[in-house]
Amino acid sequence: AQQRLWFLEQLEPGNMAYHIPFAVRLRGDLDARALARSLQEIVRRHEALRTTFRKGSEGRPIQVVHPHHPFQVPLADLRALPPVVRAAEALRQARLGIARPFSLTRGPLFRVELLRVEDEQHALLLSMHHIVSDGWSLEVLVRELAALYTAFAAGLPSPLPELPLQYADFARWQRQWLGGAPLDGQLAYWRRQLEGVPLVFELPADRPRPAVQTYDGGTVMVHLPAPLAERMQSLARAHRVTLFM
């Protein structure tokens, strides 16, 4: 998965399509030191968040895991602005952070910023490259951030156990497994499935394709009746797949 994203970055450097932005609104009396310490502990725990990528001798990317060093969490105080413009300014700064390109070679591939909107209202802005994170990772990050902040704000040590494995361990296992006969079988299957498929597959669309791909997208919310949702869940379980699949 990381090699695929690295390859796409070589084709189109600085493409924002693989940025993962995430914002959390924090209400109440915030302990900024405990928050910064929690984020630093997360980066220390997870090597992927301090990993960069360089090209190896065979043209393949190589993970470079950097030692953990304490870092500052930038704080932008918006309280001096009129209340009516604070939300707009917070949104503007969030968009600027998302638009900043990542360098897979130099890093970091994990960025964080804290906005103080009011005395007891903050916005925590996180941005990561997809090569070191995904949707599941966000759930882990939020869960660990909540546990660490609760402990550090109370003057307690981290409640989280050390991780026995890192993502590089999984990548190495996957490389070893997906070789030889398993790889040959996978390739043979897809060659059979794709035999005779046209190289260019033009789908009808309601508007012409732009000259330059924008990656602009939207979200459409669809509510399914409960009986239909239950049948879909049963179908997925019967085939041992997820609803996404």
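## Pocket, salt bridges and surface of a predicted model

Strand E1 (19–27), strand E2 (51–55), helix H3 (83–99), strand E5 (110–118) and strand E6 (121–129) each contribute at least two residues to the lining of the largest pocket. Helices (H or I, at least four residues) and strands (E, at least two) are DSSP runs, numbered from the N terminus. This is a predicted model, in which local features need pLDDT of at least 70 and side-chain atom pairs count only at pLDDT 80 or more, while totals for chains, interfaces and linings use all residues. Residues are numbered from 1 along each chain as its sequence is written, and side-chain values use heavy atoms, with hydrogens and water left out.

**The largest pocket**

The volume of the largest pocket is about 890 Å³. Of its 44 lining residues, Arg111, Val112, Glu113, Leu125 and Leu126 are the closest to its centre. A pocket is an open set of points on a 1 Å grid over the protein atoms alone, where a 1.4 Å probe fits and protein lies on both sides within 12 Å along at least five of seven lines; lining residues have an atom within 4 Å of a point. The volume is the space filled by probe spheres set on the points, which are joined across faces, edges and corners.

H3 supplies the largest share of the lining, eight residues. By class, the lining has 25 nonpolar, eleven polar and eight charged residues. Here Ala, Val, Leu, Ile, Met, Phe, Trp, Tyr, Cys and Pro count as nonpolar, Asp, Glu, Lys and Arg as charged, and the others, Gly among them, as polar.

Alanine 94 also lies in helix H3. With a relative accessible area of 17%, alanine 94 is buried (buried means under 20%, exposed over 50%, partly exposed in between, with a 1.4 Å probe and protein chains only).

**Salt bridges**

The structure holds nine salt bridges, each a side-chain nitrogen of Lys or Arg within 4 Å of a carboxyl oxygen of Asp or Glu. Three of them are listed here.

| Pair | N to O distance |
|---|---|
| Arginine 44 and glutamate 41 | 2.8 Å |
| Arginine 44 and glutamate 162 | 2.6 Å |
| Aspartate 119 and arginine 79 | 2.8 Å |

Arginine 44 and glutamate 41 are about one helical turn apart, because they are three residues apart in helix H2 (residues 32–45). Glutamate 41 is buried at 15% relative accessibility, whereas arginine 44 is partly exposed at 28%. Arginine 44 lies in helix H2 and glutamate 162 in the loop between helix H4 (135–153) and helix H5 (167–177), so this pair ties together parts that are 118 residues apart in sequence. Glutamate 162 is exposed, at 55%.

The salt bridge between aspartate 119 and arginine 79 also links distant parts of the chain: aspartate 119 is in the loop between E5 and E6, and arginine 79, 40 residues away, is in the loop between strand E4 (75–77) and H3. Aspartate 119 is exposed at 57% relative accessibility, and arginine 79 is partly exposed at 34%. Both belong to a network of salt bridges that links Asp77, Arg79, Arg116 and Asp119.

**A nonpolar surface patch**

Val220, Val222, Leu224, Leu228, Met232 and Leu243 form a nonpolar patch on the surface, with about 550 Å² of accessible area together. Patches are made of residues with over 30% relative accessible area and no salt bridge, with like charges joined within 9 Å and nonpolar side chains (Val, Leu, Ile, Met, Phe, Trp, Tyr) within 5 Å. Accessible areas come from the Shrake-Rupley method with a 1.4 Å probe; for residues, only the protein chains shown count as cover. Leucine 228 lies in helix H7 (residues 226–238) and is partly exposed at 34% relative accessibility.
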